[in-house]
Amino acid sequence: MNIIISNQSGVPIYEQIKEQIKVAILSGTIAENDPLPSLRQLARDLQVSLVTTTRAYSELELEGFVQTMPGKGVYVKKINDVFIREKYLKDTEKALSTAIQCGKLAGLSINDLHKILDTIEGASE
């Protein structure tokens with residue numbers, strides 16, 4: 001597993017680890033029932049504290065991506081597509097709500113926001 005962390009990023013290291021593992025799971029790079037490295041091994045490989053890797057794995061487990069099997073390790077769970085879709089829908093709604101608030105403060109109309117969204121979407125294709 002190739003995880004790249006940045007100490008210069010404003011994102012906490014445990015969050016960087018968690019997000020990169022989530023992307024690997026969602027993309028299929030790490031498959032259902034695949035084991036993740038042990039907490040100690042990952043901490044050693046990334047040269048971070050055991051507390052950091054423990055927090056990343058704990059949050060992945062809370063979000064339903066992995067399962068800890070005592071004495072055996074941490075394994076990728078079967079991904080519930082509905083669960084994942086709902087999570088990203090909530091994240092999208094939150095981000096758009098923030099964008100609308102910022103747009104209102106900048107004096108933008110809803111049509112202006114639609115144009116910006118269309119431009120961003122077109123640029124990502």
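Modeller: In this predicted model, Leu108 lies in the loop between helix H4 and helix H5, the latter running over 110-123.

Biologist: Why is Leu108 called partly exposed?

Modeller: Its relative accessibility is 32%, and since buried means under 20% and exposed over 50%, Leu108 counts as partly exposed. Together with Ile116 and Ile120, Leu108 makes a nonpolar surface patch of about 250 Å².

Biologist: How do you know that the span of helix H4 agrees with what it should be?

Modeller: Helix H4 has 25 residues, 81-105, which at 1.5 Å a residue should span 36 Å, and because its end C-alpha atoms are 36 Å apart, the two values agree.

Biologist: What makes Glu59 and Lys18 a salt bridge?

Modeller: The closest N and O atoms of Glu59 and Lys18 are 3.1 Å apart, and the cut-off is within 4 Å, so the pair qualifies as a salt bridge. Glu59 lies in helix H3 and Lys18 in helix H1, so the pair ties together parts that are 41 residues apart in sequence.

Biologist: Why is Lys18 called buried?

Modeller: Lys18 has a relative accessible area of 4%, and buried means under 20%, so the label buried applies to Lys18.

Biologist: What makes Arg55 a residue that lies over the face of Tyr14?

Modeller: Arg55 is at 3.8 Å from the ring centre of Tyr14, where the distance cut-off is within 6 Å. The side chain of Arg55 also meets that of Glu59 in a salt bridge, at 3.3 Å from N to O.

Definitions and conventions. Residues numbered from 1 in each chain as written. Predicted model: local features only at pLDDT ≥ 70, side-chain atom pairs only at ≥ 80, totals over all residues. Heavy atoms only, no water. Lys NZ or Arg CZ within 6 Å of the ring centre and 35° of its normal. Helix = DSSP H or I, 4+ residues; strand = E, 2+ residues; numbered from the N terminus. Expected span 1.5 Å × (residues − 1). Patch = residues over 30% accessible without salt bridge, like charges linked within 9 Å, V, L, I, M, F, W, Y side chains within 5 Å. Areas by Shrake-Rupley, 256 points an atom, 1.4 Å probe, with all protein chains shown as cover. Buried < 20%, exposed > 50% of the residue type's maximum accessible area, 1.4 Å probe, protein only.
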